[in-house]
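Biologist: Can you take me through the side-chain contacts in this one? I would like to go topic by topic.

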Amino acid sequence: MDIFSGLLDGFAIALTATNLLFCLLGAIIGTAIGVLPGLGPAATIALLLPITYVIGTPVTAIIMMAGIFYGAMYGGSTTSILLNLPGEAASVVTCIDGYQMAKKGRAGAALGIAAIGSFVAGTLAVVGLTMFAPPLAEFALDFGPPEYFALTTLGLLLAVTLSGGSIIKGLIILLFGLILAMVGLDPISGKIRFTFGSIGLQGGFDFVTLAMGVFGLGEILYNLESTMKTEIVTTKLGKVFPTLGDWADSRWAICRGSVIGFFVGIIPGGGAVISSLASYAIEKKYSQHPEEFGQGAIQGVAGPESANNAASSSSFIPLLTLGIPGNAAIAMIFAALMIQGITPGPFLVAEHPDVFWGVIASMYVGNVMLLVLNLPLVGLWVQMLRVPYGILAPVIVLFTTIGVYSTQNQVFDIYAMLFFAAVGYLMRKLDFDPAPLPLAFVLGPLVERSLRQSLLLSGGDPAIFVSRPISGILMVIFVLLIVGQTIFFLRRKWKRRCCVPVPPETEKSL
């Protein structure tokens, strides 16, 4: 199918009344979640996964989930600019200059350039998704078990090394997720393993239960302990649309942020947070007035906001073409597709073109909806912050419990969710990033199956992973990444030892 004819068919699907309604619903929910501190897109999609069982068609469910994901990127800027409080992790950088602009009475300009930059970057990223995804899917048809094993292991390693947290802690969570994925039936022999005599574990852990426990209840339990103080900007918003001078200062920051976000979003583990940080650093480095950054530079808002929205759109490329989720939120959408009986990957465009092209077309429509919704409803989004979290949390817990039970009508799932809620709470208390857990759980069966199929093909010879061109190149990158991270860790440790100040007593004795 030609790209343009496929896209036209996608618009025919996305512009139906039902899909437009769910696209709008996803955009509104995503924006609201972006505004509210605490609940991010991954947690929200996890909480709403049970709804995918009852939504009519798969494409409708995924359109809504995708709208929540990229809608949260829009909403996060509102709270960052007006309250100096990031509603979503990717909007942390926006606080630096956005809030300073608001304090100077230029909140309207900051919100305007954030919305326009997000729209431009999101649209450009969807254009890139439209052009790059089909050829990549065709290329992936040549992948066999060795290539998939090399690709998935490389993706998991990148997700840990690029997350920005402790690599050791990330690897621990990664291994924990792989172990959880092995519980139940062996995919090749059919034998029961790691159930410890429990009938409820014979089918393995359910992803919906894990996601709602770790990212839903776990997040709520952790947030109930913290008290978030906000200082609302009391000055007028001013003119919402940027002036010609603002646009002149921001246009190249938006372009650079779009490019950075697009390519960082494709990498597993990259995502919106890293792209926004990279964009801010580049804008500050190449600015003719770097001293203005941190004091209300409009480029410090335009660049990062463009980058995180471009990254959220481009992260669908590895999901739709390779079946590899690059971050926690995309892993939830992966699970939503699996719930609908659809396996993401290179055969998606051929077997389910309505889902492939319908979701892509809906992202064009969703970006327009978000631009129209975001600015006129700024007052409403800020008023949502006045609802005490102590009231919202019990309501969310109630609906979460009902949702988990409704998936399979088993009380065991509720106990499993409580277990994962405790795991998610402890991970946050101990400063473990939970993002690698759903990625490992989702990719674990694919890693194991492709590994064992590869060894069956080669008669147990592991050389099959390096003798084939694609898998060999991926394995070389895997090894180079490990070596590079090891060298970086040892150099940083050596620098710390060399830079330790000498105590006065020791200096005198010398």
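Predicted model: local features only at pLDDT ≥ 70, side-chain atom pairs only at ≥ 80, totals over all residues.

Biologist: Salt bridges to start. How many does a search of the whole structure find?
Modeller: The search finds six salt bridges.

Biologist: What does Glu147 meet in a salt bridge?
Modeller: The side chain of Glu147 meets that of Arg468, at 2.9 Å from N to O.

Biologist: And where do Glu147 and Arg468 lie?
Modeller: Glu147 is in helix H7, while Arg468 is in the loop between H21 and helix H22 (469–498), so the pair ties together parts that are 321 residues apart in sequence.

Biologist: Is Glu147 buried or exposed?
Modeller: Glu147 counts as buried because its relative accessibility is 3%, under the 20% cut-off. Arg468 has 29% relative accessibility and counts as partly exposed.

Biologist: Which salt bridge does Arg193 form?
Modeller: Arg193 forms one with Asp186, and the closest N and O atoms are 3.3 Å apart. Both Arg193 and Asp186 are buried.

Biologist: What about Glu448?
Modeller: Glu448 forms a salt bridge with Arg452, with the closest N and O atoms 3.1 Å apart. The two are four residues apart in helix H20, which means that about one helical turn separates Glu448 from Arg452.

Biologist: How do Glu448 and Arg452 come out on accessible area?
Modeller: Glu448 is buried, with a relative accessible area of 13%. Arg452 is partly exposed, at 26%.

Biologist: Which residues are linked in a network of salt bridges?
Modeller: Asp186, Arg193, Glu448 and Arg452 are linked in such a network.

Biologist: Switching to aromatics. How many aromatic pairs does the count come to?
Modeller: The count comes to ten aromatic pairs. One of them is formed by Phe69 and Phe316: the pair is tilted, with 6.1 Å centre to centre and 55° between the planes.

Biologist: Which parts does the pair of Phe69 and Phe316 tie together?
Modeller: Phe69 lies in helix H4 (residues 58–83) and Phe316 in helix H13 (residues 316–322), so the pair ties together parts that are 247 residues apart in sequence. Phe69 and Phe316 are both buried.

Biologist: Which residues form one aromatic cluster?
Modeller: Phe132, Phe262 and Phe263 form one.

Biologist: Which residue lies over the face of Phe432?
Modeller: Lys169 does, at 5.2 Å from the ring centre.

Biologist: Backbone next. What is phi of Phe194 near?
Modeller: Phi of Phe194 is near 55°, which is a positive value in a residue other than glycine. Phe194 sits in the loop between strand E2 (192–193) and helix H9 (207–225). With 45% relative accessibility, Phe194 counts as partly exposed.

Biologist: And Asp431?
Modeller: Asp431 has a positive phi of about 65° and is not a glycine either. Asp431 is placed in the loop between helix H19 (411–429) and helix H20 (436–458). At 59% relative accessibility, Asp431 counts as exposed.

Biologist: Now the surface. Which residues make the nonpolar surface patch?
Modeller: Phe4, Val127, Met131 and Phe132 make a nonpolar patch of about 390 Å².

Biologist: Which helix gives the most to the nonpolar patch?
Modeller: Helix H6 (residues 107–140) does, with three residues. Met131 is found in helix H6 and is partly exposed, with a relative accessible area of 38%.

Biologist: What about Thr130, buried or exposed?
Modeller: Thr130, also placed in helix H6, counts as buried at 2% relative accessibility. The Thr130 side chain makes a polar contact with the side chain of Tyr364, at 2.9 Å.

Notes:
Residues numbered from 1 in each chain as written. Heavy atoms only, no water. Patch = residues over 30% accessible without salt bridge, like charges linked within 9 Å, V, L, I, M, F, W, Y side chains within 5 Å. Areas by Shrake-Rupley, 256 points an atom, 1.4 Å probe, with all protein chains shown as cover. Salt bridge = Lys/Arg side-chain N within 4 Å of Asp/Glu carboxyl O. Buried < 20%, exposed > 50% of the residue type's maximum accessible area, 1.4 Å probe, protein only. Phe/Tyr/Trp six-rings, centres within 6.5 Å; stacked < 30°, edge-to-face > 60°. Lys NZ or Arg CZ within 6 Å of the ring centre and 35° of its normal. Polar contact = N/O pair within 3.5 Å; in protein donor to acceptor, adjacent residues only side chain to side chain.
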